[in-house]
Amino acid sequence: MEAHAADAHAHHHGPPAANVSSRIDSRVLGMLLFIGSEIMLFGSFFTAYFFVRVVNKYPWPPHGEHLPVFVAGVNTCILVTSSFTMHWALTSIKRGNRAGLKAGLALTFFMGLTFLLTQIAEYSRIGFSPNDNAFATIFFSLTGLHGMHVFIGLLLLLAATIRSFRGHFTPEHHHGVELPGIYWHFVDVMWIVVYTTVYII
Amino acid sequence: MAGRGTWNPLRSEQEAFQFVIGAIAYFGAIGLASALGGIWVGLAVFLVLTFGGVAWFLNRNRHLGPPPPVGSRQTPDDEHRVLVVANETVAGRKLHDAIRRSTVGRPSKVLVVSPALNSPIRHFVSDEDKARRQAQERLDRSLHALADAGIDARGEVGDADPVQAIDDALRTFGADEIIISTHPEGRSNWLEKGIVSGAEKRFTVPITHVVVDLEAEAAEPVRQ
């Protein structure tokens, strides 16, 4: 951007040149803002959780209740692995490896689906319901909120997977994979936080 | 931007993935400690990792030491080149006097750099359109003010960091002298941030610091 005293007011023909911030793509910025709002949403649920547990000195889990730590642990491993396959998919398309892209996205999708189905199965066998007590409400709220995000992530992944099988995306243009990837990693990190605080600690 | 880069885990999938790896290590250690040693051990690991992580983040570039001094690109022998870095004070008479003193009686070229000052939030999300537009408007006004004062200069919008803006200009324009214009002590954000002292440490080119008190100048009678 350069100017000169003599021609600072020089005549300009046609529309002004497009000026877009060069450091971040607006679509990535949109995802950033969306995830920022999501962090606040999860933050409110975690606040409720810690309030019930710490301030009220509520025993966790309450006597007689049992959390399926092992099954959830296996589920955690599945979800964490799906982040690696997601990263593999994106790395592959950046290198022009379409087979890697398709395999990575398909694996990520199926691992995410496995996680969600396992969580639904866990709900059906857990032995308490959301309206039993504050513990149960918080448990279902936190894990359910996360499950909903996994579901949305699966829809994004499904779209990206279908597009990859239809020949979309190139090493230069792969935003349709990049954005679901950022979202999926966010969902993964949130589950790690949920699993550690709700199941382990 | 040179120096400390801003790491944003949501800028790209690559960085988000690194964030996942960090989260696995962080929460994995806390969870393992809690499972093996109980909640207090878990809390201790949490505190150690959290404070350790914050300390590392704040000090991550300290061990690198100061960067080597930066010189200017070669300038023509028969021409004196002056790089002026100023923002609101560019209309100040003291600055004009300093430029005139520097350029009088010899062939000279003056480049005015107007840093695109931005808020930290906007900088973080790389939203610099407005900052650059405002810097361009300031620059246009500045060049007119200099032209009115009889000084022929051209200008550029520079980086949000004034020191980096100088660095960039030295690599493209080159300069025999740098003039940095600021508000007086106490009112100058640049002085508070140590821009002038930072530039003196970083560049080998002679630096003249001009303090412009716009309020005092406005109160003075206009010189003919």
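Student: In which sense do E2(B) and strand E3 (residues 154-158) of chain B pair, and over how many bridges?

Tutor: Two strands pair if DSSP finds at least two bridges between them; helices (H or I, at least four residues) and strands (E, at least two) are DSSP runs, numbered from the N terminus. In this predicted model, E2(B) and E3(B) pair in the parallel sense over 5 bridges. Within that pairing, B:Val112 has B:Gly155 in E3(B) as its bridge partner.

Tutor: Two conventions apply here. Residues are numbered from 1 along each chain as its sequence is written, while chains are lettered from A and ligands numbered from 1 in the order in which they are written. Because the model is predicted, local features need pLDDT of at least 70 and side-chain atom pairs count only at pLDDT 80 or more, whereas totals for chains, interfaces and linings use all residues.

Student: Which strand pairs with E2(B) over 6 bridges?

Tutor: Strand E1 (residues 80-85) of chain B does, again in the parallel sense. B:Leu83 stands opposite B:Leu111 in E2(B). The chain passes from E1(B) through helix H3 (residues 93-103) of chain B to E2(B) in a right-handed β-α-β crossover; right-handed applies if, with the strands pointing away from the viewer, the path from the first strand over the helix to the second runs clockwise.

Student: How many residues of strand E2 (residues 108-115) of chain B are buried?

Tutor: A residue is buried if 20 or more other C-beta atoms lie within 10 Å of its own, exposed if 12 or fewer, and partly exposed in between, with C-beta atoms placed from the backbone. By this criterion 6 of the 8 residues of E2(B) are buried, and the strand is mostly covered. Over the 224 residues of chain B, 37% count as buried.

Student: Does H2(B) lie in the open or under cover, and why?

Tutor: H2(B) lies largely in the open, because the number buried among its 21 residues is 2. This helix (residues 39-59) reaches 30 Å from its first C-alpha to its last, close to the 30 Å expected at 1.5 Å a residue; the expected span is 1.5 Å times one less than the number of residues.

Student: Which residues touch the most other members of the largest nonpolar core?

Tutor: In soluble globular proteins, nonpolar side chains tend to be buried together. A nonpolar core is a set of buried Ala, Val, Leu, Ile, Met, Phe, Trp, Tyr and Cys residues joined through C-beta atoms within 7 Å. The largest here has 46 residues, and A:Ala89, A:Phe186, A:Val187, A:Val189, A:Trp191 and A:Tyr195 touch the most other members. Several helices of chain A, including H5 (175-200), together with helix H1 (13-37) of chain B, each supply at least two residues. H5(A) gives the largest share, 15 residues. A second, separate core of 40 residues includes B:Val85 and B:Ile180.

Student: Where in chain A is confidence lowest, and where is it highest?

Tutor: pLDDT is the predictor's confidence in each residue, from 0 to 100. Where pLDDT is low, the predicted coordinates should not be read in detail. Chain A averages 84, with 85% of the residues scoring at least 70. Confidence is lowest in strand E1 (residues 2-4) of chain A, at a mean of 48, and highest in H3(A), at 95. Over residues 5-12 of chain A the pLDDT is below 50, and it stays under 50 over residues 15-22 of chain A.

Notes: Contact = placed C-beta atoms within 7 Å.
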